[in-house]
Amino acid sequence: MRNNEVSRSLNEEFKNALFDYMLKQKNAIREGEAFMIFWKKPETWGEQVYKWAVDSGRVGSVETVEGLVSGDETTREEFYGMPVNYMMVILKSLEKSRKAELFQVGEGMA
């Protein structure tokens, strides 16, 4: 990691320590050589998505991942505009806590 504007970079030891810490705190997920970094834990985001579902009367209904991140019904939510792969991690955390069920429909997830 290098910041060219200030001519600084992190050494490998510090980067590894930083990512290890973020993984332990559940603010990051490793995908091969890449990391998904969350500013809120997936479970915290999941609580917000579930609250939206409760408040909007959608608990028990079928929603698409695309609809959650870019639908007209969620434009005022913090998770609006979130990348689909991030939302999938969040929905999997909701599924784990039995507040959501994921299933594939054609090419996408619902």
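This is a predicted model: local features need pLDDT of at least 70, side-chain atom pairs count only at pLDDT 80 or more; totals for chains, interfaces and linings use all residues.
Let's start with the big picture. The chain has four helices and six strands, and along the sequence they come in the order β-β-α-β-β-α-α-α-β-β. Its radius of gyration is 17 Å, well over the 13 Å that the globule rule gives for 110 residues, so the chain is more spread out than a compact globule. The C-alpha trace spans about 50 × 30 × 30 Å along its principal axes. Buried residues account for 28% of the 110 residues. Of the contacts between residues at least 6 apart in sequence, 34% link residues at least 24 apart.

Now for helix H2 (42–55). Its 14 residues should span 20 Å at 1.5 Å a residue, and that agrees with the end C-alpha atoms, which sit 20 Å apart. The helix has two faces, and here is how its residues sort out:

| Side of H2 | Residues |
|---|---|
| Buried | Pro42, Trp45, Gly46, Gln48, Val49, Trp52, Ala53 |
| Exposed, on the other side | Glu47, Lys51, Asp55 |

As a rule, an α-helix has 3.6 residues a turn, so residues three or four places apart point the same way. The cover over the buried residues of H2 includes strand S3 (28–31), helix H3 (65–70) and helix H4 (84–96). Just after H2, glycine 57 takes a positive phi of about 70°.

On to the inside. The largest nonpolar core holds 18 residues, and Val49, Phe79, Met82, Met87, Ile90 and Leu91 have the most contacts inside it. H2, H3 and H4 each put in at least two residues, with H4 giving the most, at six. Phenylalanine 79 is worth a look: beyond its neighbours within four places in sequence, it contacts Trp45, Gln48, Val49, Trp52, Leu68, Val69, Thr74 and Met87.

Finally, lysine 40. It lies in the loop between strand S4 (34–37) and helix H2. Is lysine 40 buried or exposed? At 15% relative accessibility, lysine 40 counts as buried, because the cut-off for that is under 20%. Setting aside residues up to four places away in sequence, lysine 40 touches Asn27, Trp45, Gln48 and Glu78. With glutamate 78, lysine 40 makes a side-chain polar contact of 2.9 Å. The C-alpha atoms of lysine 40 and lysine 99, which are 59 residues apart along the chain, are 19 Å from each other.

Note on methods
Residues are numbered from 1 along each chain as its sequence is written. Side-chain values use heavy atoms; hydrogens and water are left out. Buried means under 20% relative accessible area, exposed over 50%, partly exposed in between (1.4 Å probe, protein chains only). Contact means heavy atoms within 4.5 Å. A polar contact is a pair of N or O atoms within 3.5 Å; within protein, one must be able to donate a hydrogen and the other to accept it, and residues adjacent in sequence count only if both atoms are side-chain atoms. The expected span of a helix is 1.5 Å times one less than its number of residues. A nonpolar core is a set of buried Ala, Val, Leu, Ile, Met, Phe, Trp, Tyr and Cys residues joined through side-chain atoms within 4.5 Å. The radius of gyration is taken over C-alpha atoms; the globule rule is 2.2 Å times the number of residues to the power 0.38.
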